[in-house]
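Have the model open as you read.

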Amino acid sequence: MLLSIVIFLPLLGVVAIALLRGLGATAVKGIALAIGLITFVVSLGLYTEFNADTAAFQLGGAPIEWIPSLGISYYIGIDGISLWLVLLTTFLTPICILAAWNSVEKGLSGFMMSLLALETGMLGVFCALDLFLFFVFWESMLIPMYFLIGIWGGERRIYATVKFVLYTMAGSALMLVGILALYFQNNNSFDLTTLSGPFEHSNLLFLAFFIAFAIKVPLFPFHTWLPDAHVEAPTVGSVILAGVLLKMGTYGIIRFCLPLFPDAAVKFTPLIVPLAVIGIIYGALVAMVQPDLKKLVAYSSVSHLGFVVLGLFSQSGAGIQGSVLQMVNHGLSTGALFLLVGMIYERRHSRMIVDFGGLSKRMPIFATIFMIVTLSSIGLPGLNGFVGEYMILLGSFVQGAFSKVYVVFATAGVILAAVYMLWMFQRVMFGTLDKTNENLPDLNAREIVVMLPLLLFIVWIGVYPKPFLNKIEKSVEIVVTKVQTEPAIGQLKEGVLPETKLALRETQHEENEKETHTK
């Protein structure tokens, strides 16, 4: 019951705004912010009631028949993996509403309604345990995001919106085929919890799901829609896109690709890991040469999420656990970066790095917060980015199911991140203060309130990540067990592990000898 309230409470805000928008802009913003805050407060109950000692799905209740003739039900629940993504979504939404308080001039009610409807779609994706319901939520979040970019975006918003929709729909078509194939192999049921392999054509099914999720991440070479969408989206659209929507891709990989098709996951790891490493280095190098602050942060997402994919396919507990935590870390740090870029854009109406310089002299509060978030993004010890990346690299190097050479190359991405982020910070914050920037005001009280919660969690996770990791551990163990053991069992049945067969024959021979001696 509580989980359903969290998912659909934002829709109550949509209805309220639709009915009361005649009261004026202040009322619309107040309703949206109130609903966003209430949703977050209610979602905290999920954390307090969540049992970290089990990997089972919780807090969703029994399935409710929706379309019984087709085996479709309303079935929701969360585990340690989806818990933090749900909380991240409810945490970022009121922050985005407050950040957009004075920046939306046209169609304010439609903007707030789209933002709240998008929250429901994203929450549904992370909670759905019925494949059809998952697909409905997956597609429904596309509609409000389409409007957010297409109506309130930049000059090339139509191009960016169409590109975003086409890429997503192409992936969705593949995923739908995969869902239907699983449906017919699961006794005409979409219930995710009853799915148990091996499945026919598992390699093709894995690719159908993986490509759909790789587009959403986005993993190289499916990344080309992301920079355009980020640059043209309004500030809060970029925050939600980077903070939550991209995580739907990595969430799909750990929820579907790894546990449902462990044999195929192991088989395609040698192909996927190089793509992740290429994305890490390519994203960093392209970010380094960007003249636009927003595009620089956009390409940094390609690099950072390459680390997440690397950790997911490490098949190690530390690597996968670090990836889940890094999803949250990226949402916090990159979301904060987009907010800061938006704040300076509202003052200067430019995102070009060359137009700035010496801002720390005029905007010390802005510079201080920007510095903390920048250091978080490059993985400074003591801040959140370090914990996730360290666990990913450690798990991949020590227990990874691929060559350590890939981890060495991936580590170069950490160094490159320091290069492009610190170089950008130096050019924007230090040097000679341009005359056109002399009158730029520092952050006001509202903007400081927007940033403080993000800074709190950036430091908290960096200093004391245990409360976050404890909730993830059991759910990750199940995924690791499936990926490590089921392919080995399959290989044993097919006779692919001769050393294991030899060991079994020797054991059987010893038992026969003991039996003969006893007689």
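This is a predicted model: local features need pLDDT of at least 70, side-chain atom pairs count only at pLDDT 80 or more; totals for chains, interfaces and linings use all residues.

A search of the whole structure turns up five salt bridges, and three of them are set out here.

| Salt bridge | N to O distance |
|---|---|
| Lys-163 and Asp-228 | 3.0 Å |
| Arg-351 and Asp-292 | 3.4 Å |
| Glu-447 and Arg-347 | 2.6 Å |

Start with the salt bridge of Lys-163 and Asp-228. Lys-163 sits in helix H7 and Asp-228 in helix H9, so this pair ties together parts 65 residues apart in sequence. Both Lys-163 and Asp-228 are buried, and together with Arg-156 they are linked in a network of salt bridges.

Next up is Arg-351 with its partner Asp-292. This pair links two loops: Arg-351 is in the one between H13 and helix H14 (359-362), while Asp-292 is in the one between helix H11 (262-288) and helix H12 (293-312), 59 residues apart. Again, both Arg-351 and Asp-292 are buried.

Then there's Glu-447 and Arg-347. Glu-447 belongs to helix H18 and Arg-347 to helix H13, so parts 100 residues apart in sequence are tied together. Glu-447 counts as buried because its relative accessibility is 3%; Arg-347, at 18%, counts as buried too.

Now for a charge without a partner. Asp-191, in the loop between helix H7 (157-185) and helix H8 (202-216), is buried but has no salt bridge; Arg-255, the nearest side chain of opposite charge, is 11 Å away. What Asp-191 does have is a polar contact of 2.6 Å between its side chain and that of Thr-193. Beyond four places in sequence, Asp-191 touches Tyr-75, Leu-129, Asp-130 and Asn-186.

Tyr-75 is also among the contacts of Cys-127, along with Leu-3, Ile-7 and Val-86. Cys-127 lies in helix H4 (residues 108-127) and, at 1% relative accessibility, counts as buried. H4 is one of the elements that the buried residues of H6 pack against, others including H7, H9 and H10. Those buried residues of H6 include Leu-142, Met-145 and Trp-152.

Finally, the largest pocket holds about 880 Å³ of space. Of its 31 lining residues, Ser-103, Trp-152, Gly-153, Pro-234 and Tyr-345 are the closest to the centre. Helices H9, H10, H13 and H18 each give two or more residues to the lining, and H13 gives the most, with six.

Key:
Residues are numbered from 1 along each chain as its sequence is written. Side-chain values use heavy atoms; hydrogens and water are left out. Helices (H or I, at least four residues) and strands (E, at least two) are DSSP runs, numbered from the N terminus. Buried means under 20% relative accessible area, exposed over 50%, partly exposed in between (1.4 Å probe, protein chains only). Lys and Arg count as positive and Asp and Glu as negative; His and the chain ends are not counted. A salt bridge is a side-chain nitrogen of Lys or Arg within 4 Å of a carboxyl oxygen of Asp or Glu. A polar contact is a pair of N or O atoms within 3.5 Å; within protein, one must be able to donate a hydrogen and the other to accept it, and residues adjacent in sequence count only if both atoms are side-chain atoms. Contact means heavy atoms within 4.5 Å. On a 1 Å grid over the protein atoms alone, a cavity is a set of points where a 1.4 Å probe fits but cannot get out, and a pocket is an open set with protein on both sides within 12 Å along at least five of seven lines; lining residues have an atom within 4 Å of a point. Grid points are joined across faces, edges and corners, and a volume is the space filled by probe spheres set on the points.
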